[in-house]
Amino acid sequence: MSGIISSLIRQNLELNNAEVIYYSGLFQQPESDRLFASLLTQIEWKQQPIKIFGKSVLQPRLTAYYGERAYTYSGVMMQPLPWNIPLLQIREKIEPLVNTKFNGVLLNLYRDGQDYMGWHSDDEKDLAVGSVIASLSFGETRRFILRRRDNRQTKVELNLSHGDFLIMGGDTQKFWQHQVPKTTKSTQPRINLTFRVIK
């Protein structure tokens, strides 16, 4: 693993009250292509409703949740599906980088540029306090934007591409929000996996 790490581009983002580390191309293209195809066909994708301001609306993307414990976000409790082979392969590769044992993964499938994720923090009560969120992207490159919760004009933007890996730790979720906005430029699908530690 040390050889893999040394060959990666690692970037520690300079964010106040946050620990964000970005690895460009953790998974190289042949492996990323294989995993992307496997996830598209082997994940049980659904368009789930969530609660926004007390109203139930369909999420603007497809989702799935795998792991060992139930997880509730946006007012919806998700029962985990059992780990499958592609997810186990990914988890085995990323856990040594983060020095964390993950027991759940939330997956998002952005079918095209009109699918998106609004501003939010991953700070649900089900998550272990201070735990790391490990985010992995496959497929189309999409914008990923962070902003301060107490000053929404303070923003940092990344383009997350095929095989890229992002770690959000420390007080990131307490002081920052993030989103994947709509775009007219991206027409191909993107899969994002966020590995989590559920209490």
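**Close-up views of a predicted model**

View 1. Residues are numbered from 1 along each chain as its sequence is written, and side-chain values use heavy atoms, with hydrogens and water left out. Strands S11 (residues 142-148) and S14 (residues 176-180) pair in the antiparallel sense over four bridges; strands pair if DSSP finds at least two bridges between them. Strands (E, at least two residues) and helices (H or I, at least four) are DSSP runs numbered from the N terminus.

**View 2. The two faces of S14.** Trp 176, His 178 and Val 180 point one way, while Gln 177 and Gln 179 point the other way. Five of the five residues of S14 are buried, meaning under 20% relative accessible area with a 1.4 Å probe, protein chains only.

**View 3. The open sheet around S14.** Four strands line up in the order S9-S14-S11-S12, with antiparallel pairing. S9 (117-120) and S12 (155-160) are at the edges with a single partner strand each, so one side of each has no neighbour in the sheet. S9 and S14 run antiparallel and are joined by two bridges; Met 117 has Val 180 of S14 as its bridge partner.

**View 4. The largest pocket.** What lies nearest the centre of this pocket? Among its 35 lining residues, Ser 74, Met 117, Gly 118, Trp 119 and His 120 do. The space in the pocket is about 680 Å³. A pocket here is an open set of points on a 1 Å grid over the protein atoms alone, where a 1.4 Å probe fits, with protein on both sides within 12 Å along at least five of seven lines; lining residues have an atom within 4 Å of a point.

**View 5. Helix H3 from start to end.** At the start of H3, a side-chain oxygen of Asn 84 comes within 3.1 Å of the backbone nitrogen of Leu 87. The buried residues of H3 include Pro 86, Leu 87, Ile 90 and Ile 94. Just after the helix, Asn 99 adopts a positive phi of about 55°.

Definitions and conventions:
This is a predicted model: local features need pLDDT of at least 70, side-chain atom pairs count only at pLDDT 80 or more; totals for chains, interfaces and linings use all residues. Buried means under 20% relative accessible area, exposed over 50%, partly exposed in between (1.4 Å probe, protein chains only). A polar contact is a pair of N or O atoms within 3.5 Å; within protein, one must be able to donate a hydrogen and the other to accept it, and residues adjacent in sequence count only if both atoms are side-chain atoms. Grid points are joined across faces, edges and corners, and a volume is the space filled by probe spheres set on the points.
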